[in-house]
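Hi everyone, thanks for coming. Let me walk you through a protein that may be new to you, so please have a look at the screen.

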Amino acid sequence: MGLKLLAGFLTLLGLAAPLHGQSLDASACEKLASLKIEHVSLASRSVGAGEFSPPASPAGGVPNAPQAFANLPAMCRVTATLKPSSDSDIKMEVWLPVSGWNGKLQGVGNGGWAGSIFYFMMANALRGGYAVVATDTGHAGGMGDGTFAFNHPEKLTDFAWRAVHEMTITAKAVSEAYYGSAPRLSYWNGCSTGGRQGLKEAQRYPSDYDGILDGAPANYMTHLSSHSLWVAHATLKDPASYIPKEKFAALHKAVIDACDGLDAVKDGVLENPRQCKVDPKSIECPAGTDASTCLTPPQVEAARKIYGPARNPRTGAEIFPGLERGSEMGWGALAGGPAPLSISTDHFKYIVFKDPQWDYRTLDFDKDVAKADEIDSGLLVGRLQRSGDVFMRPRCAKPCVIDAVAPKNRQLAILKIASAFHS
Ligand SMILES: [Ca+2]
């Protein structure tokens with residue numbers, strides 16, 4: 001029996017394994033549409049090499065630059081809607097390489113409040129020979145838009161952990177039906193919210209993934225949102241405290257000038273930012289003056305608060321670590337204004353207070369942070385119950401707000417480099 005004939009025979013039996021160098025034909029893909037999985041509706045179709053073009057992203061969603069999808073290999077594209085609760089409407093996709101499958105599944109994550117599929121990450125994984133899966137986490141919207149959670153607790157649960165778990169078990173079933181064997185290894189790959197998603201998987205469903213790669217995780221989200229508004233209180237609440245962006249450069253220069261050499265290499269990078277103790281007062285403007293190269297006394301106090309940490313004003317307990325010295329050029333997202341980061345204000349508006357009119361200036365860093373924790377009750381926040389193959393890295397592919405706190409934040413979770421990532 002020739003290899004091609006054998007593959008066709010096994011496909012008919014639903015037992016097809018992708019024989020080395022062989023391709024699965026279109027009928028194997030079409031067949032997936034009849035797969036029955038509880039609360040999942042599926043569609044599937046073959047997409048030839050270079051033929052995929054991404055659907056338009058929602059306003060504020062992740063951009064889909066066409067060049068990210070040039071020369072994609074041929075795939076079986078599975079789209080699905082999952083409804084694990086009566087209020088769920090989770091969109092997900094699985095892309096299955098028609099040939100050259102490496103036997104592995106890669107789950108890829110989201111950013112901010114999600115609301116769209118990160119197709120460019122799916123494209124990278126497909127090129128690497130992976131079967132790859134992603135979800136919009138159960139709603140369509142911009143990454144800075146948390147309105148979906150307003151009076152929709154099931155949708156919030158989908159965002160918090162359920163969509164990723166459900167997509168993962170669905171993707172494994174789809175992969176097995178297509179190839180005739182389940183993935184031999186499954187990896188998670190996400191950054192920011194994607195990092196938090198990986199931690200929730202490790203916490204709740206440690207058997208979903210054999211290895212987890214978390215970039216700059218949005219970890220301890222209730223306190224992360226509180227910290228973001230701590231920075232907003234420092235710089236945006238009182239106009240006198242506002243630090244114009246050009247002064248970030250002045251403060252950064254003072255930090256680098258003082259501390260770059262502490263790691264014995266003058267390269268503009270601080271190997272260990274915590275060795276650096278520069279006080280913003282060192283560039284305070286002469287009394288009664290102001291310039292782009294110095295800070296006024298209220299701006300000095302604002303910068304000191306940003307270096308933090310954020311603290312409970314009544315007990316002095318640390319709410320969240322401050323931004324590191326050396327991170328000043330990345331302060332714009334949190335401190336640049338005119339409004340605070342909407343990811344954080346929406347957390348308090350729609351989840352904690354359930355009041356779209358809530359004003360960040362009223363945030364009480366004692367009782368309101370406690371309220372956020374009480375309401376969350378482990379939904380978005382979680383601590384790992386066991387060690388596992390979790391590799392955390394401090395930076396996303398491009399600067400993001402979490403970068404600045406990551407060196408301290410990552411201590412809140414478990415760091416273990418898994419040998420599995422090298423297989
Ligand atoms: Ca250095």
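Before anything else, one term: two residues are in contact if their C-beta atoms, placed from the backbone, lie within 7 Å. Helices (H or I, at least four residues) and strands (E, at least two) are DSSP runs, numbered from the N terminus. Please keep in mind that this is a predicted model: local features need pLDDT of at least 70, side-chain atom pairs count only at pLDDT 80 or more, and totals for chains, interfaces and linings use all residues. Residues are numbered from 1 along each chain as its sequence is written.

Now the overview. The protein chain has 12 helices and 10 strands. It has 423 residues, and 46% of them count as buried. Buried means that 20 or more other C-beta atoms lie within 10 Å of the residue's own; exposed means 12 or fewer, and partly exposed is in between, with C-beta atoms placed from the backbone. Take the contacts in the protein chain between residues at least 6 apart in sequence: 69% of these join residues at least 24 apart.

Let's go inside. A nonpolar core is a set of buried Ala, Val, Leu, Ile, Met, Phe, Trp, Tyr and Cys residues joined through C-beta atoms within 7 Å. Which residues touch the most other members of the largest nonpolar core? They are M122, L126, A131, V132, A134, Y178 and I306, out of 93 residues in that core. Helix α4, residues 153-179, gives the largest share, 12 residues. Domain 1 (17-220 + 382-422) and domain 2 (223-376) both contribute residues, so this core lies between them; the domain bounds come from an automatic or database domain assignment. Apart from this core lies another, of seven residues, including Y187, W188, L199 and Y209.

Let me zoom in on A131. Leaving aside neighbours within four places in sequence, A131 is in contact with V94, W95, L96, P97, W101, L105, A171, S175 and P183.

Next, how helices pack. Axes here are lines fitted to C-alpha atoms, for helices over the stretch in contact, and angles run from 0 to 180 degrees between N-to-C directions. Helix α4 packs with helix α5 (residues 193-204) at an angle of about 75 degrees, and their axes are 9 Å apart. That makes α4 roughly perpendicular to α5. For the wording: angles under 35 degrees count as roughly parallel, over 145 as roughly antiparallel, 65 to 115 as roughly perpendicular and the rest as oblique.

Where do these two helices meet? From α4 come A160, W161, V164 and H165, and from α5 come Q197, K200, E201 and R204. Sorted by class, this contact of α4 with α5 has three nonpolar, two polar and three charged residues. Ala, Val, Leu, Ile, Met, Phe, Trp, Tyr, Cys and Pro count as nonpolar, Asp, Glu, Lys and Arg as charged, and the others, Gly among them, as polar.

Now the second pair. Helix α6 (residues 221-235) and α8 have their axes 8 Å apart and pack at an angle of about 170 degrees. So α6 is roughly antiparallel to α8. W230, V231, A234 and T235 in α6 meet A302, K305 and I306 in α8. The residues of this contact of α6 with α8 divide into five nonpolar, one polar and one charged.

A few backbone details deserve a stop. The peptide bond from G308 to P309 is cis, with omega near 5 degrees, and P309 sits in the loop between α8 and β8 (310-311). Another cis peptide bond joins G337 and P338, with omega about 0 degrees. P338 is in the loop between α9 (332-335) and α10 (342-352).

Two serines have positive phi values. For S192, phi is near 65 degrees, and for S377, phi is near 45 degrees. Buried or exposed? S192 counts as buried, with 23 C-beta neighbours inside 10 Å, whereas S377 is exposed, with 9 other C-beta atoms within 10 Å. S192 lies in the loop between β6 (185-191) and α5, and S377 in the loop between α11 (367-376) and β10 (390-393).

Last stop, a glycine. G211 is in strand β7 (residues 211-215) and counts as buried, with 23 C-beta neighbours inside 10 Å. The C-alpha atoms of G211 and W188 are separated by 6.3 Å, though the two residues are 23 apart along the chain.
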